[in-house]
There are 2 protein chains.
Amino acid sequence: MESNSITEHIPKRRRQNARTSNIEARTKKNTTQVSFKQPFNPLRPVDFINEEEIETIENASFDILENLGIEILNDQAAEIMRANGADVSQDNRFVRFDRHLIKEKIKTAPEKFTYYARNEEKNLQVGGNALIFALVGSTPNVSCLDKGRRPGSWEDFVNLVKLGQHINVCHSTSGYPTEPLDIHPSIRHLEAARAFLTLTDKCFHCYSLNPFMNTDSIEMARIAYNLTEEEVNERPLITSVINANSPLKYDYSMLQGIIEMSSRNQIIVITPFTLAGAMAPVSLAGAIAQQNAEGLAGLAFTQMVRPGAPVIYGAFTSNVDMKTGAPAFGTPEYTKAAIISGQFARRYKVPYRTSNVNAANIVDAQATYESQMSIWGNILGSVNLMKHSLGWMEGGLVASYEKVILDMEMLQQFKEFFEPLDISEDTLAINSIKEAGHGGHFFGTKHTQENYENAFYSPLISDWNNFENWQILGSKTATQRANEIWKKMLIEYQQPYMDIAIKEELDAFVEKRKKEGGIKTDF
Amino acid sequence: MESNSITEHIPKRRRQNARTSNIEARTKKNTTQVSFKQPFNPLRPVDFINEEEIETIENASFDILENLGIEILNDQAAEIMRANGADVSQDNRFVRFDRHLIKEKIKTAPEKFTYYARNEEKNLQVGGNALIFALVGSTPNVSCLDKGRRPGSWEDFVNLVKLGQHINVCHSTSGYPTEPLDIHPSIRHLEAARAFLTLTDKCFHCYSLNPFMNTDSIEMARIAYNLTEEEVNERPLITSVINANSPLKYDYSMLQGIIEMSSRNQIIVITPFTLAGAMAPVSLAGAIAQQNAEGLAGLAFTQMVRPGAPVIYGAFTSNVDMKTGAPAFGTPEYTKAAIISGQFARRYKVPYRTSNVNAANIVDAQATYESQMSIWGNILGSVNLMKHSLGWMEGGLVASYEKVILDMEMLQQFKEFFEPLDISEDTLAINSIKEAGHGGHFFGTKHTQENYENAFYSPLISDWNNFENWQILGSKTATQRANEIWKKMLIEYQQPYMDIAIKEELDAFVEKRKKEGGIKTDF
């Protein structure tokens, strides 16, 4: 594999794990990290509804696909669907899918595949019980305690990408962590892809909002990974999220995105935008049935474009606050929908995508309890790709620097929680119990002295000082402590190695495309 | 049943559920409550370790009980244990339990029982997949945003008890919600029991820190419930937590507490205090093995006192912060221990107790993410009695008024999450999808108009306004909003009915015991 030549030159990264980082925490403070190593979810997926109920909802999805059909705004997609046996209207605008066609087509979607990074040590498994925690994406605004809430900028974009690279428990970027509004939209995707490919060596994502967005991104990844076109087609390097324009509609760009990406064997993440009460029925069962109908249509289409193309079943179902019409996230309904949607992804034997979401306007107690309700729903639903894992706020309107760090702490804790219980003669420690004696204390025992430094998860944000010491240290909230940490991390950030020739080729491509005017925009 | 006469006179409570309260929320704001109805956990308990691993840990527990034994500081307990076949040292100070004796004895502990309230509509099921969320207990300090952190007082005690009564998702009190330090300890238990029995009509708890504490409390409950002594012995009315003085020790009062309570068929909650690294080995496996040894000894003793006496297997295992020696809660280790300990409770076929814990010094993002990590560990461990469900902070050093309300919100959300998915022709809402049309909107559909008011959980604290409206409303954090709500709830609180004759008898008992000097104290 050619890409070996890239990684050969990379200096051996300091491999940290929870144990060694415990010790470092004491000397370096606040930079405690777990290792990059992808976590595996040890919990058996939860079946919230039974087989009969699954079938009832699935039947409703099939009824929708067979009777109401999907509106499509892309002639090429219509032709592909027609050629594959779907019932496409004469004007190419509506398509009905027979349930047998859907079932047959989705069979070729892979259950598990590798998502390749520029640094092969950061390749990711997609599927099974492997987990990917991806950085926040697609927020128009950004916030931090110092400057408050403001529109996203290139400076913020770069900072957040750097944090995504620096934070080990962040496995990939996934869309613009905030929209760099000061970069003209015609060339924004070029600058963004260059930043992802040079400031990080982790897996990345491109948008399919315009056909050239993803073709440019694939070409830039090819250059950065030092691959031939054929090699690219053999390995999934990039994810692209395809949102159904719910209800029951896929627009031109989304369908074109599937065509461009799936034909190159790149990863499509089908994600219907089914907010119950707005873009889906005001009942959870109906919203899930609609999500599943839209998802199945998208899944089947990827396989019509190229059988075996990697595709992920995405769930975003939540509810709208019926008082204000605002989307709500991390609600009990979200948690339930995340678990149930996972049942469908497993039924169709494809990897599963969800998000770490909340609707709080400030990084406070609500932000984390809603995030936790999301994350646990995702984990119990056996998520594979958790988008917006770090930094998402306000239902996706804001990326918060402090929330990135709080999410990092929570995800590190999940990673530690996933570790199997270490049971051995040493850890059962009967001799230590004997040494402590009845009513005694364990601080002084040999076993404690030998193991205390690495025994437990060492926190990044959680402050376990007693109240008096916490006051002496400035009575800081967790959010204020997070503010100090992201600044420290930006200083600690190190740009990953890239061969100079590759960098030059990448720059040349960007310059060429800029001269060509980038992509057409509506602006 | 005599107690019927009590409840006959109680005016029909307004029975709220999530649906009706949704509507009320719009008119009354911030007093949204779910119904009192006990929730049932629909999730299959998680087996974090396998059968072989369970046996390995259990064997270690049995080795501890057979070889190291337990220190006991109560001659009467020693005699009971000796009479039941345990190997008690001549000086009555140490006792070794054969594994077969333990296994045989715990067989008589009931798997499920009823915990009786003064108001029989608030009786609780203990065991199976029924859940009890109990108010915070035993904190020496109290805090609120208005007055900050200070030692607990009678005023705070009464306020918190009233909140415990008013909040439907709080199913019982469970110890002093804060220690009323301005009441002399010799009579504190009398005032406390009177408050629990008159200000609430929910199940309650007494301490066994002094033998007369629990005998007084049982007698006061007998009066308040209008029962005969024999009737009391037939129905569990009171829980009392028995903490092992870990490692491997039960002191005089704890053992006497078991004798007094179990002989009267009252509920014992055996809870070893196994903080890994301090009172237990610095490894989780060792801490759980020790917790299980101490727990089994306590469980077996309750059954020696009275076969069939109700007893709950309690887990409190967490870890100490090895940097400061301070206990840490809501850690990944706590979550894991809560799930694994549940496996032991189920193995022994007894109900299971845990706690909603955190170690934060302020009601911030840390407080709720640590609480969530606790609650989810408890739920996945299939907890039955979750103590400190509302209000606990700082590893148990503080009861926070605001945290009571934040916990209420989180528990209400769990209760809503537990509700089965409603699947019917109406909720699948195909007609609504048809009416909205491709790319349409659901706000205006008939189905939405008919159902929007009651469709989703209506939050108490979560603010889903957009940023601009949130700013207009004062840019309040979740904790600041909680501050407003507990004040409103104290105004809304209504004292439950009690027959005047019963109230007089209760007062007379308290006066008599006060004149007698209450209990002996060390002060």
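Here is a friendly set of questions and answers about the two chains of this predicted model.

Reader: What should I know about the model and its numbering?
Author: Residues are numbered from 1 along each chain as its sequence is written, and chains are lettered from A and ligands numbered from 1 in the order in which they are written. This is a predicted model in which local features need pLDDT of at least 70, side-chain atom pairs count only at pLDDT 80 or more, and totals for chains, interfaces and linings use all residues, while side-chain values use heavy atoms, with hydrogens and water left out.

Reader: How many residues of chain B are in contact with chain A?
Author: Contact here means heavy atoms within 4.5 Å. By that rule, the chain A side has 117 residues, and the chain B side has 115.

Reader: What area is buried between chain B and chain A?
Author: The size of an interface is often given as the accessible area lost when the parts come together. Buried area is what two parts lose on being put together, using a 1.4 Å probe and summed over both. Carbon and sulfur atoms give 71% of the area here, and the total is about 9,600 Å².

Reader: Which residues in chain B lose the most area to chain A?
Author: Three residues of chain B lead here, and together they make up 9% of what that side buries. They are B:His438, B:Phe456 and B:Trp464.

Reader: How many residue pairs are in polar contact between chain B and chain A?
Author: A polar contact is a pair of N or O atoms within 3.5 Å; within protein, one must be able to donate a hydrogen and the other to accept it, and residues adjacent in sequence count only if both atoms are side-chain atoms. With both residues at pLDDT 80 or more, the count is 39.

Reader: Which helix gives the largest share of the side of chain B that touches chain A?
Author: Helices are DSSP runs (H or I, at least four residues), numbered from the N terminus. The largest share is nine residues, and these come from residues 365-380 of chain B, helix H13.

Reader: Is B:Gln38 buried or exposed?
Author: B:Gln38 is found in the loop between helix H2 (18-28) and helix H3 (51-68) of chain B. Its side chain has a polar atom 2.7 Å from the backbone oxygen of B:Gln125. Buried means under 20% relative accessible area, exposed over 50%, and partly exposed in between (1.4 Å probe, protein chains only). Since B:Gln38 has 10% relative accessibility, it counts as buried.

Reader: How are the rings of A:Phe157 and A:Tyr176 arranged?
Author: Rings of Phe, Tyr and Trp (its six-membered ring) pair if their centres lie within 6.5 Å; planes under 30 degrees apart count as stacked, over 60 as edge-to-face and the rest as tilted. A search of the whole structure finds 37 such aromatic pairs over all chains. In this one the centres are 5.7 Å apart and the planes are at 70°, so the pair is edge-to-face.

Reader: Which parts of chain A does the pair of A:Phe157 and A:Tyr176 tie together?
Author: The two residues are 19 apart in sequence, so the pair ties helix H6 (residues 154-166), where A:Phe157 lies, to the part holding A:Tyr176.

Reader: Which residue forms a salt bridge with A:Asp47?
Author: A:Asp47 is in the loop between helix H2 (18-28) and helix H3 (51-68) of chain A, and its partner is 299 residues apart in helix H12 (residues 332-347). At 51% relative accessibility, A:Asp47 counts as exposed. The closest N and O atoms are 3.4 Å apart, and the partner is A:Arg346.

Definitions and conventions:
Salt bridge = Lys/Arg side-chain N within 4 Å of Asp/Glu carboxyl O.
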